[in-house]
Structures are given as structure tokens and as C-alpha cells.
Amino acid sequence: MSDVKSEIDSDIEQNYSLNSTADPKNMQELSIYVQTLLQGVQDKFQTMSDQIITKIDDMGTRLDELEKSIGDLMQQANMADQPEMGK
């Protein structure tokens, strides 16, 4: 059982540690890759955020128009309910 643990520890140390013997070029490439990846995620998030805000604005405009239409219909209904004057 301890052999398996030793193999796992060795694998982790070889493949995932950031010790001082790491190749600076590879570290620089990794850093650039991570920065590029994060920038891509941020760009996608910003695009989605902008789309959501646009849809919310459109929905607000449509709700305003609906509210106005309902108000107009209510006014028309009130006018139809009132008896005509002069008859």
C-alpha cells in the first residue's frame, strides 16, 4: 500500500510541482497560456453579460409598451361604459 502512495507522490512531484528546476521557457509559456485562457473567459463573460443586459433592456421596453397599451384599453373601456351625454 505504501508503494502506491510513493508512486502517487512521485508522480505529483514530477508533473505538478513548481520547483526551482522548472524550465523558465516552459513557465513563461504556461503563464502566457493561462493569461490567454483567462482573457478568453473574461471576453466570453463580457459578451454574455452584454447580451443579457440588452435582453433586459428590450424586455423593459416591451413591458412599458404593454403597460401603455393596457392603459389605453382601460381608458377605451371606461369611455364605452359611460352613458352618452345629450341623449
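## Overall architecture

The chain has two helices and zero strands. The model described here is predicted. Helix 2 spans residues 24-81.

## Exposure of the chain

Of the 87 residues in the chain, 0% are buried. The chain exposes about 8600 Å².

## A nonpolar surface patch

Seen on the surface is a nonpolar patch formed by M27, L30, Y33, V34, L37, L38 and V41. Together, these residues have about 650 Å² of accessible area.

V34 counts as partly exposed because its relative accessibility is 37%, and the partly exposed class lies between the buried class, under 20%, and the exposed class, over 50%.

## The salt bridge

How many salt bridges does the structure hold? The structure holds one, and its partners are K68 and D72. The closest N and O atoms of this pair are 3.2 Å apart. In general, side chains of opposite charge can pair when their charged atoms come close.

Where do K68 and D72 stand relative to each other in helix 2? The two residues are four residues apart in that helix, so about one helical turn separates them.

The accessibility of each partner can also be stated. K68 has a relative accessibility of 55% and therefore counts as exposed. D72, at 32% relative accessibility, counts as partly exposed.

Methods. Residues are numbered from 1 along each chain as its sequence is written. This is a predicted model: local features need pLDDT of at least 70, side-chain atom pairs count only at pLDDT 80 or more; totals for chains, interfaces and linings use all residues. Side-chain values use heavy atoms; hydrogens and water are left out. Patches are made of residues with over 30% relative accessible area and no salt bridge: like charges are joined within 9 Å, nonpolar side chains (Val, Leu, Ile, Met, Phe, Trp, Tyr) within 5 Å. Accessible areas come from the Shrake-Rupley method with a 1.4 Å probe; for residues, only the protein chains shown count as cover. A salt bridge is a side-chain nitrogen of Lys or Arg within 4 Å of a carboxyl oxygen of Asp or Glu. Buried means under 20% relative accessible area, exposed over 50%, partly exposed in between (1.4 Å probe, protein chains only).
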